[in-house]
Amino acid sequence: MRIPLLGLVWGLHLAGRAATAPTDQRPLILPPAESGHPHDNKKDPPNKLHGRFLHITDFHPDPFYRAYTSTEAELACHRGRGPAGKFGAETTDCDSPLSLVNATFHWIEKHLKDSIDFIVWTGDSARHDNDEEVPRTEKQVVELNKMMVDKYFEIFGKENYDDDPTNDFSIPIIPNFGNNDVLPHNIFNPGPNRWTRKYLNIWRRLIPEEQRHVFERGGYFFVEAIPDKLAIFSLNTLYFFDSNTAVDGCAKRSEPGYEQLDWLRIQLQLIRARGMKAILTGHVPPARTYSKMSWDETCWHKYTLWLRQYRDVIVGSLYGHMNIDHFMLQDAHQIDDGIMNGEVEARGMTTLDDDFSIQSSAEYLVDLRNTWRKLPDSGDVELNTADNENGDGDLQASRRRKKPKKTKEEKFFSRIGGEWGERYSLTFVGGSVVPNYFPSLRVYEYNISGIEELGSPAQITTDGTATPHSQAPLHLEEEEISEETTAYRKSKHSKKSQRKSKKPRKPRFTTPLPPSKSSSPGPAYSPQTLSWLGYTQYFANLTTINNDFNSKSQSDHPGSVNDSSSNDEKQELEAEKWHSGKHRGKRPHPKDLHRRFKYEVEYDTRTDEAWNMTSLTVRNYIQLAATMGRYKPRKKHGWWLSGKGVELESREVEKGVRKKKKEKKKAVRELWFTFLTRAYIGSKDEGELRAEFGRH
């Protein structure tokens with residue numbers, strides 16, 4: 001049963017600015033167009049923005065995959081006889097057959113080619129090193145990544161192109177380094193190194209000419225996907241990754257992680273000065289719970305500070321690696337000066353598995369929910385009051401208005417960083433193509449109101465930085481720490497430090513400047529031009545498509561586990577590092593009876609009964625996360641009273657009415673299990689989830 005969650009109803013505040021200059025990768029130059037549904041593949045005239053883009057990640061193509069081989073660890077879908085399907089072995093640790101890669105690109109060509117503006121491709125485009133008899137080689141990694149670029153070119157390449165390799169694609173495609181795109185996996189030395197040089201050649205058609213020297217040094221760059229409007233940053237998260245033993249965090253100036261964040265700070269400041277917005281992309285996400293993290297702590301704290309200070313510029317953040325569809329919130333109150341400076345070591349934190357196994361994902365999701373329990377509760381606050389329809393002037397006036405006593409709304413808003421929730425930043429993590437669960441991809445829709453035809457090319461400075469015609473160079477190294485920069489530091493550790501010294505500790509790095517006090521909330525917080533309106537999640541049900549099993553499959557060997565296995569046997573299998581999948585031990589049909597391959601809609605955030613969001617703003621996700629974090633929701637929890645919840649005789653929850661309390665608890669529980677179902681891309685049924693995650 002799916003329990004509806006009423007999305008917050010926000011009136012769109014549409015804002016646009018005049019533009020001047022394109023640079024980079026020959027992006028589309030486009031007048032405004034009405035946004036349609038992502039899976040409508042209606043061909044528009046050339047040079048039109050569609051207001052949609054694709055995020056796709058973690059292909060892990062494996063040329064050694066063979067259909068109907070064993071999914072056992074020592075065979076890895078390469079040998080033996082077993083349930084590995086034609087298009088992949090869902091719910092296993094096997095990699096993607098080339099048939100799945102080809103079918104995915106064929107589907108993109110048929111359904112998305114003429115209706116998206118750019119592609120965010122967040123890494124891991126080579127196979128895992130999961131078979132001792134077929135070890136990975138450097139040549140394999142390089143050739144598989146070249147193959148992937150060629151696949152994109154088959155669909156989005158220009159038929160008639162000039163001698164400029166950066167002019168070969170009809171839309172920008174922004175790649176990322178994955179932790180399996182190098183050898184050994186996870187290990188990425190300070191650049192320039194052999195991998196930055198190799199990928200400079202592999203991605204030569206995707207990296208703007210003026211960004212090539214930056215990429216060769218550090219493996220990161222940016223592209224102006226919409227000239228003078230939107231820049232997309234490809235971050236090298238391997239320099240932040242705690243499993244990369246070749247580097248040591250982001251506190252020391254000598255570390256490449258420090259250098260990358262400093263580069264990002266300067267570029268975001270220039271983007272702000274030009275009136276542009278930015279999307280941050282990477283492979284390994286900044287996952288962090290009370291007990292586990294994926295990034296080095298010094299990098300996480302500095303990056304979260306960057307998100308906070310550039311909240312007026314950053315539209316959103318997109319990552320891959322973890323294979324599960326979910327989101328995470330970064331809390332600025334957790335930023336710690338001592339950790340950022342490398343003076344204080346984070347305690348009690350362990351590193352998430354470098355390849356994030358199927359088993360470790362369950363532990364992580366439970367930890368994630370526990371962090372959401374601490375989110376501020378909206379109570380009975382009417383959250384849509386913050387959607388001011390009269391423009392920014394009234395909003396600024398409301399911020400200056402003083403009242404003798406704080407209302408409930410003011411108290412709640414003060415806890416989330418103002419009426420827009422600016423204490424928090426939002427990160428989306430996409431599901432993977434590799435079928436650890438079901439293959440998936442995602443199409444975002446964004447607001448293109450006010451974006452008109454753009455003007456002449458931008459000037460390029462000698463150091464490769466794009467600047468507008470009239471923009472004077474910025475002397476960013478002379479920035480001072482502002483009052484707002486230090487005001488967010490409210491973690492328990494920081495409070496203890498402040499008791500010893502009244503003056504905040506000065507960071508050992510240049511601190512980013514915050515937004516101007518007169519600036520409006522950024523597109524991640526307030527609906528406006530370039531804000532993300534929603535996304536459609538697609539998946540390929542390989543169990544149905546492969547069509548390999550009768551309803552009563554027989555075991556190939558007595559030690560296999562099928563649906564009649566005991567709980568002890570299932571738990572023993574779950575504890576294995578290698579996951580052999582839900583078809584382990586089953587005998588496939590003697591003939592290939594596969595059905596037509598297709599991706600289908602799993603859910604759409606705008607029309608879905610559970611999410612039902614009018615936009616992907618941070619505060620919508622604060623509300624969603626806080627709701628799922630309530631094991632025992634409070635009696636006046638706002639979302640429950642807001643409209644379309646479970647039908648009750650009264651919207652007011654009265655004391656002592658046990659039935660209604662049970663219904664509220666059930667609603668929260670069902671919402672949580674909806675989230676879990678989607679995290680695993682629909683590959684786990686309700687019984688599996690409840691057995692794994694319990695009743696709550």
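**From a strand to its neighbours**

Author: Strand E1 (residues 52-56) and strand E12 (residues 440-446) run antiparallel and are joined by four bridges. Strands pair when DSSP finds at least two bridges between them; strands (E, at least two residues) and helices (H or I, at least four) are DSSP runs numbered from the N terminus. This is a predicted model, in which local features need pLDDT of at least 70 and side-chain atom pairs count only at pLDDT 80 or more, while totals for chains, interfaces and linings use all residues. Residues are numbered from 1 along each chain as its sequence is written, and side-chain values use heavy atoms, with hydrogens and water left out.

Within the pair, Phe 53 stands opposite Tyr 444 in E12. Both strands belong to an open sheet of six, in the order E3-E2-E1-E12-E15-E16, with mixed pairing. On average, neighbouring strands here are turned by 20 degrees against each other, direction ignored.

Cys 77 and Cys 94 form a disulfide (cysteine sulfur atoms within 2.5 Å), with their sulfur atoms 2.1 Å apart. The link is right-handed, with 85 degrees about the S-S bond. Both cysteines lie in that loop, so the pair ties together parts that are 17 residues apart in sequence.

Helix H1 (residues 98-111) packs with helix H2 (residues 138-156) at about 25 degrees, the axes being 10 Å apart. This makes H1 roughly parallel to H2. Axes are lines fitted to C-alpha atoms, for helices over the stretch in contact, and angles between N-to-C directions run from 0 to 180 degrees; under 35 counts as roughly parallel, over 145 as roughly antiparallel, 65 to 115 as roughly perpendicular and the rest as oblique. Contact means heavy atoms within 4.5 Å. In H1, the residues that meet H2 include Leu 98, Val 101 and Phe 105, and those met in H2 include Met 147, Tyr 152 and Phe 156. The contact has nine nonpolar, one polar and two charged residues; Ala, Val, Leu, Ile, Met, Phe, Trp, Tyr, Cys and Pro count as nonpolar, Asp, Glu, Lys and Arg as charged, and the others, Gly among them, as polar.
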